[in-house]
Amino acid sequence: MSYKDDENLKDDHQFEAIQKRLGDKDQYSYIGDAVLGGIDGCVTTFAVAAGSMGGGLSVTVIIILGLANLLADGFSMAASNFLSTRSDREEVESARSREETHIERVPWGEKAEVREIFARKGFSGETLDKVVEGITSNRDLWIDTMLTEEHGLHIGKFHPTRAGITTFLAFVLTGLIPLLPFLVLDLPIQEQFILSSVLTGITFLLIGSAKGIILKKPVLKSGLFTLLIGGIAASLAFTVGYAIRILYGL
């Protein structure tokens with residue numbers, strides 16, 4: 001580990017940094033929604049362009065299919081993320097309601113569960129007694145502990161609508177990029193496709209690199225891996241389009 005890495009590690013463990021990091025854990029992160037929407041949007045429309053090129057279709061067809069898929073798939077993906085996030089929230093709310101009932105009716109049984117949970121973590125004797133007493137003396141902490149430790153749930157704030165909107169916007173904004181050369185440039189279709197490929201490749205690299213920076217992973221590796229995934233999807237689409245053109249003599 002270099003001196004700079006060591007200093008960064010020390011900074012990350014200052015009291016204020018620790019407070020912020022632990023506080024952020026309770027907040028819903030939209031990074032995954034944006035990254036997933038961005039990658040899928042770019043893959044979707046570039047796959048349309050690649051498949052259309054392989055099938056020998058016109059620019060008009062590429063634009064129609066591209067925009068139709070952009071909006072329809074973007075909405076579908078956003079709706080799926082909305083429903084998934086809402087389902088997660090409802091699961092937490094349901095489990096919280098059950099635990100509140102259990103604590104109200106059989107507090108001794110719930111205390112025994114807390115004791116068993118932390119005994120399995122290696123606590124024992126007087127230390128275990130203090131841990132159990134500390135947790136069960138605070139009703140909200142008690143319930144949260146049961147949700148995370150017994151049910152394995154994430155109890156941060158869920159915002160289904162925001163998650164869906166984030167996914168949709170990321171999908172549409174990045175999904176437009178492969179279509180731009182076909183929409184705004186009056187060039188031969190082959191040149192438009194080349195420009196579309198370049199723009200799409202750069203977009204994949206940027207999305208992957210941004211993900212690497214956020215997750216503190218190797219930036220170049222993350223960018224190239226995302227580019228590879230997009231390239232494979234486009235290659236499959238082009239191959240299918242070309243095969244259908246040959247098969248049916250289009």
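The legends below describe close-up views of a predicted model.

Residues are numbered from 1 along each chain as its sequence is written, and side-chain values use heavy atoms, with hydrogens and water left out. Because the model is predicted, local features need pLDDT of at least 70 and side-chain atom pairs count only at pLDDT 80 or more, whereas totals for chains, interfaces and linings use all residues.

**View 1. Helix H7 and its ends.** Helix H7 comprises residues 139-150; helices (H or I, at least four residues) are DSSP runs numbered from the N terminus. Its 12 residues reach 16 Å from the first C-alpha to the last, close to the 16 Å expected at 1.5 Å a residue (the expected span is 1.5 Å times one less than the number of residues). Gly152, whose phi is positive, near 65°, follows the helix.

**View 2. The buried residues of H7.** Trp142, Ile143, Thr145, Met146 and Leu147 are buried in H7 (buried, under 20% relative accessible area; exposed, over 50%; partly exposed, in between; 1.4 Å probe, protein chains only). The buried residues of this helix pack against helix H4 (59-105), helix H5 (107-119) and helix H6 (125-136). Beyond its neighbours within four places in sequence, Leu147 is in contact (heavy atoms within 4.5 Å) with residues including Val92, Arg96, Glu99 and Ile155.

**View 3. Two nonpolar cores.** A nonpolar core is a set of buried Ala, Val, Leu, Ile, Met, Phe, Trp, Tyr and Cys residues joined through side-chain atoms within 4.5 Å. The largest has 15 residues, and Val114, Phe118, Trp142 and Leu147 have the most contacts inside it. Each of H4, H5, H6 and H7 supplies at least two residues of this core, and the largest share, four residues, comes from H7. A second, separate core of 11 residues includes Phe46, Ala49, Met53 and Phe182.

**View 4. Aromatic pairs.** The whole structure holds three aromatic pairs (ring centres of Phe, Tyr and Trp, the last by its six-membered ring, within 6.5 Å; planes under 30 degrees apart are stacked, over 60 edge-to-face and the rest tilted). Phe46 and Phe193 are stacked, at 5.7 Å centre to centre and 5° between the planes. Phe46 lies in helix H3 (residues 31-54) and Phe193 in helix H10 (residues 189-215), so this pair ties together parts 147 residues apart in sequence. Phe46 is buried at 8% relative accessibility, as is Phe193 at 16%. The pair of Phe118 and Phe123 is edge-to-face, because the ring centres lie 6.0 Å apart with the planes at 65°. Phe118 is buried, at 12%, whereas Phe123 is partly exposed, at 32%.
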